[in-house]
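Subject: Structure for you to look at

Hello,

I am handing over the structure below. My notes on it follow.

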Amino acid sequence: MEWLNGVTIGVVLFVIGLLALMLRRDLIVKLLGLGLINTSVILCLISLGYYTRGVAPIITGKPGQIYIDPLPQALVLSAIVINLAILALSLVFVMILVERYHTTDSVKIAQQVEQERSHDQEHIR
Amino acid sequence: MTQLLLPVLFFITGALVLLWPRRAQLITLVAVLSSGVLVVMLAARFFDYGPISYTIGGWPAKMGIELYFDEIGLYFSALAVVLGLAVITYLWNRRMKSHFYLLFNFLFGSIYTLIFAYDLFNIFVAMEFLTLISFLLIGYPRRPYQIWAGLKYLLLSAIGMGMYLLGVAVLYYHTGALNLGIIAELVGGELTSGRMTCGLAPQYEAWVIVSSALLVTGLAVRAGIFLFSMWLPDAYSFSSPVVAALLAGLSTKMAGIILIRLAAVFPIDSVLLILGCITGILGGLYAIFSHELRRIISFSALAQVGYLLIGLGVGREAGITGGMLHLVAHGLIISLLFLAGGTAIAAVGGGSVSLLNAKRAVIPPLARLSLLIGLLALGGFPWLPPFVGRALLSGGIESGWLKAVVSLISLTGVIAIVRLLPVGYISDRNSPFFSRDSLPESLSFVVLLLPILFFFPLVRLAGIEINLGDNLIKPSMILISGILLWHLVIKERITGTLPKGILKLDWAIISLVAGFSIIYLLIGLL
């Protein structure tokens, strides 16, 4: 079972997220897929920095200990914050669209947006 | 030290705007002017001592986050100062909400971070911040189609940046470094030596191929390359003119900078060459088949990225410098076109080519002149900026088919703009060149026109030698033949449009994934 580690699971999750983004029309499902992609990348980063039987990178002075690489963990913190911001912002914009069109179907929204734009000649300012 | 000061300055002024919303314009103007002073200081030191490196936090060199100022930094920070000034003056008489200026300041903060960034993760953070700011700017007046365009942009670039981060993870696992200088030593040294000795394509490790394919795909989404960034036409043509100018002139150019930096490290030159040819020709074709001013400009922006990629793919000194100059020049041109086009469209009441040509007398004369100069420059008129970069670029190309492709891209560029040229005819001389109401707008056109008209002497001043005389005949031939072709052959036949399905969200995502697999295969094979 050595192949079953964080990296392979992360890659599988990444592909599932991509498939959700490509194949599903619902905007909320698309955003869920995006969240899956971001989380899978974080999982990959964390598991790439892990050594078997390593301990948390806090220097205690005990001899003979292997510390886990602390840099990926620091990177992941910023990545998590960024992903949170992106998901929250896009949910707000989806909310505005849904309030207007009463659907989360991306194809229907795109059609209605296109209609509205061709009616709206004043879109220039 | 000054490298650190520039981004921090804009983040502080952004916070000041929030505290003191009534003086937002003034604060932003002061910030842009003082950034100009700082850039001049940096440039003076660069000309005396060469590239300037600064590591944040007093770490030993290359351990901490490095900020690096070289030629790329010089050109693009100058571009940022000019664009900032132009946009601020353009907006001087208009009432924008104060949060627009907040976003403006933060946009410039993240742009200066990216210009100086030399660390892969630092680039990621600044890039994501730029995505968020640009997304909010695209949806600024909150019309539904603007929100939809912004959402498309956000989704596509979030996928792209996810891929980029995965590439960074693979790279970090194998090299243990994030600094591009160290990675270049670890990866590039072996690669170039392998190429030198046997003369055949060297075998790369699998992780080099995977990580460079992921990094290039992530950046291609942001850089405006056909197949990858199909958010671009909608975002450029639906957002308000100022936002379009900032987005096209600066925000998308940043990914181009990072591509220039990566091309020096990874074996991606032949892939970039092929992508450049594809985006150049397809973008040009879509531009020919568009019937609105802002659509034409947007699709030609896709085509113009092709020159940068071809320059990087050719890979010599002349190619890289030429591509970079072309990128800077195109930033100036496209923001002039969007600002002047915004004034023209507001005066006329619509953006279609026929309407603009019919009612051209209503457009203020200086806006009309700026449109004319910008369009001629896009078509490769000699002396005007993109021509200068192109001349340098074509000097570095040797193979025949590549020369043919570059000529073909220029030809499509000319054909796309020919039908808009009548806008520039001065039909009546009564309307005053400067009027009191439009003074700020005219001033901003002048701010952009000056570096455009004097681009060639400026480039000479910066120490790049270009021989204009040799390169004069072919571009003029292309220009004339494009105009003739349009009037004699094509004019009557272009009625429909090319398939627009690829601009839809689902197909844009699918074409992104397909593009990634193409890049991966090409890097593996070539």
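B:T131 is buried, with a relative accessible area of 0%. (Buried means under 20% relative accessible area, exposed over 50%, partly exposed in between, with a 1.4 Å probe and protein chains only.) B:T131 lies in helix α5 of chain B, residues 120-138. Helices here are DSSP runs of H or I, at least four residues, numbered from the N terminus. Setting aside neighbours within four places in sequence, B:T131 has contacts with B:Y153, B:L154, B:S157 and B:R222. Contact means heavy atoms within 4.5 Å.

Some ground rules. This is a predicted model, where local features need pLDDT of at least 70, side-chain atom pairs count only at pLDDT 80 or more, and totals for chains, interfaces and linings use all residues. Residues are numbered from 1 along each chain as its sequence is written, chains are lettered from A and ligands numbered from 1 in the order in which they are written, and side-chain values use heavy atoms, with hydrogens and water left out.

Confidence next. pLDDT is the predictor's confidence in each residue, from 0 to 100. Chain B averages 85, and 94% of its residues score at least 70. Over residues 191-201 of chain B the pLDDT is below 50. That stretch still has 11 contacts in the model beyond near neighbours in sequence.

Now the interface. Chain A and chain B bury about 4,100 Å² between them. Of that, 80% is on carbon and sulfur atoms. (Buried area is the accessible area, 1.4 Å probe, that two parts lose on being put together, summed over both.) Chain A brings 44 residues to the contact and chain B brings 40 residues.

There is 1 salt bridge between chain A and chain B. The side chains of B:D506 and A:K30 form a salt bridge, at 2.6 Å, N to O. (The rule: a side-chain nitrogen of Lys or Arg within 4 Å of a carboxyl oxygen of Asp or Glu.) On the side of chain A that touches chain B, α1 (6-23), α2 (27-48), α3 (70-101) and α4 each supply at least two residues. The largest share, 16 residues, comes from α3(A).

A:V107 is partly exposed, at 28% relative accessibility. A:V107 touches A:R25 and B:D506, not counting residues up to four places away in sequence. A:V107 and A:D26 are 81 residues apart in sequence, yet 8.5 Å apart in space, C-alpha to C-alpha.

Best wishes
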